[in-house]
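Here is a short report on one structure. Keep the model in view as you read.

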There are 2 protein chains.
Amino acid sequence: MELYFSPLACSLATRIALYEMDLPARFVQVDSKTKTLPDGTDYRSLHPLGLVPFLRTDGGELLSENAAILQYVGELPAKTKLMPERPLERIRVHQWLCFIGTELHRSTFSPLLDPDAPEAVKRYAIEHGRSRLEHVDHHLRDRKHLTDELTVADAYLFAILNWTLATPIKLDDYPGLRDFRNRMLERPMFAKAFGEEVQLYQAELAKRR
Amino acid sequence: MELYFSPLACSLATRIALYEMDLPARFVQVDSKTKTLPDGTDYRSLHPLGLVPFLRTDGGELLSENAAILQYVGELPAKTKLMPERPLERIRVHQWLCFIGTELHRSTFSPLLDPDAPEAVKRYAIEHGRSRLEHVDHHLRDRKHLTDELTVADAYLFAILNWTLATPIKLDDYPGLRDFRNRMLERPMFAKAFGEEVQLYQAELAKRR
């Protein structure tokens with residue numbers, strides 16, 4: 001497999017899933033500003049919208065959309081699966097993937113992370129996000145994970161929550177989310193993936209300066 | 001099954017899927033402004049965020065999130081399935097459900113349909129949406145459906161495209177999307193579901209006046 005990613009983008013969730021499941025993959029970095037690949041070619045010749053993650057499967061298929069890739073990877077044969085077997089539990093994971101993708105990632109965090117978004121857009125995103133963040137915060141107050149076991153949805157939520165480090169949303173206002181992120185960071189594979197991408201992110205920033 | 005819906009909201013996609021698959025269901029209308037149920041009770045006592053669709057399965061489980069509900073319904077035993085059997089084709093449907101949910105529904109149309117969204121927010125949504133709409137438009141220029149067969153993703157896209165009737169996005173700028181919507185409207189179950197919800201929507205508006 002080949003995962004096209006940008007450091008600390010939502011593609012981090014797939015890296016985490018691959019590490020947790022001990023699945024081999026090649027990671028290809030996409031410069032998040034210039035949309036170029038390490039060899040200088042334009043990533044948009046591969047993915048017209050320039051979005052990450054983008055996964056080339058072992059069968060050569062190209063898959064896009066974070067929540068879809070996470071469902072795919074979570075179900076791959078591995079010792080540790082990150083998608084439950086029981087149909088209803090699977091639906092719950094789909095539900096969380098969709099909620100995180102639409103309500104948190106796209107409606108709340110994307111505008112806050114966009115340096116070109118006007119102030120009014122950022123304010124609107126923060127107002128929209130409050131009830132959504134409270135909803136997940138409340139859900140996680142007495143739970144270890146979003147569902148009964150660790151799944152790809154937890155990896156996605158973790159990737160999103162890291163963005164609070166660069167936005168006006170403060171995790172201390174959401175103790176359930178803050179403690180969840182800390183718990184996930186105690187997992188060696190989450191910490192390894194996060195640590196590696198922090199370094200790559202800093203290198204990208206340094207190169208840009 | 002019981003489907004909580006608001007007329008012409010994205011819950012329309014699930015109604016279409018149920019009709020196409022000939023699955024019995026009870027439809028419970030949620031007033032999209034007041035968030036009340038037909039008996040006057042507050043819908044938020046059931047779904048804290050007041051979002052539709054919300055599905056009560058025959059087993060009594062409550063499922064939320066449009067793309068997750070569509071995956072669930074599409075796989076129910078029925079003569080006509082709206083989810084493909086082949087794993088790769090399924091992933092492609094997941095991919096489109098995610099794309100429609102994040103890039104079109106949440107990032108583009110939601111702010112345009114929100115009467116309280118500031119002008120700058122609506123402008124930002126239109127700018128963001130253009131490349132995304134072009135992407136699906138291009139994909140549908142030489143295809144009948146988003147994937148090889150009709151699936152729940154087509155029902156979701158159809159539901160979203162109806163919103164162009166109430167937003168500054170003009171379908172004539174996207175012939176692939178316009179023709180797709182017309183093709184879907186030729187299907188009796190799409191037309192029935194859409195026609196019913198147009199009437200319910202107009203009744204809701206009339207009641208509000």
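In what order do the 4 strands of the open sheet in chain B run? The order is β2-β1-β3-β4. The pairing in this sheet of chain B is mixed. Bear in mind that the model is predicted.

**The sheet of chain B**

Start at the edges. These are β2 (26-29) and β4 of chain B, and each of them pairs on one side only. From one strand to the next, the twist averages 20°.

Now look inside the sheet. Strand β1 (residues 2-5) of chain B is joined to strand β3 (residues 54-56) of chain B by 3 bridges. These two strands run antiparallel.

Turn to chain A. Its open sheet has 4 strands in the order β2-β1-β3-β4, with mixed pairing. The edge strands of chain A are β2 (26-29) and β4 (62-64), each pairing on one side only. The twist in this sheet averages 20° from one strand to the next.

How do β1 (residues 2-5) of chain A and β2(A) run, parallel or antiparallel? They run parallel, and 4 bridges join them. Take F5(A) as an example: its bridge partner in β2(A) is Q29(A).

| Strand pair | Bridges | Direction |
|---|---|---|
| β1(A) and β2(A) | 4 bridges | parallel |
| β1(B) and β3(B) | 3 bridges | antiparallel |

**Details of the backbone**

Some loop residues deserve a look. In chain A, V52(A) and P53(A) are joined by a cis peptide bond, with omega about 0°. P53(A) belongs to the loop between β2 and β3 (54-56) of chain A. In chain B, a cis peptide bond links V52(B) to P53(B), and omega is about 0°. P53(B) is found in the loop between β2 and β3 of chain B.

Next, find E65(A). This residue is not a glycine, yet its phi is positive, near 75°. E65(A) is part of the loop between β4 and α2 (66-74) of chain A.

**Where the chains meet**

Now bring the two chains together. How many residues does each chain bring to the contact? Chain B gives 35 residues and chain A gives 35 residues. The area buried between them is about 3,100 Å². Carbon and sulfur atoms give 64% of that area. On the chain B side, L49(B), R106(B) and Y124(B) supply 20% of the area that chain B buries against chain A. That is more than any other three residues.

Charges meet here too. The interface of chain B and chain A holds 4 salt bridges. One salt bridge joins the side chains of E61(B) and R92(A), at 2.9 Å from N to O. There are also 12 residue pairs in polar contact across the interface.

Which elements build the side of chain B that touches chain A? Among them are β4 (62-64), α2 (66-74), α3 (87-113) and α4 (119-140) of chain B, each with at least two residues on that side. The largest share comes from α3(B), with 13 residues. By type, the residues on this side of chain B are 18 nonpolar, 10 polar and 7 charged.

Conventions:
Residues are numbered from 1 along each chain as its sequence is written. Chains are lettered from A and ligands numbered from 1 in the order in which they are written. This is a predicted model: local features need pLDDT of at least 70, side-chain atom pairs count only at pLDDT 80 or more; totals for chains, interfaces and linings use all residues. Side-chain values use heavy atoms; hydrogens and water are left out. Contact means heavy atoms within 4.5 Å. Buried area is the accessible area (1.4 Å probe) that two parts lose on being put together, summed over both. A polar contact is a pair of N or O atoms within 3.5 Å; within protein, one must be able to donate a hydrogen and the other to accept it, and residues adjacent in sequence count only if both atoms are side-chain atoms. Ala, Val, Leu, Ile, Met, Phe, Trp, Tyr, Cys and Pro count as nonpolar, Asp, Glu, Lys and Arg as charged, and the others, Gly among them, as polar. Two strands pair if DSSP finds at least two bridges between them. Axes are lines fitted to C-alpha atoms, for helices over the stretch in contact, and angles run from 0 to 180 degrees between N-to-C directions.
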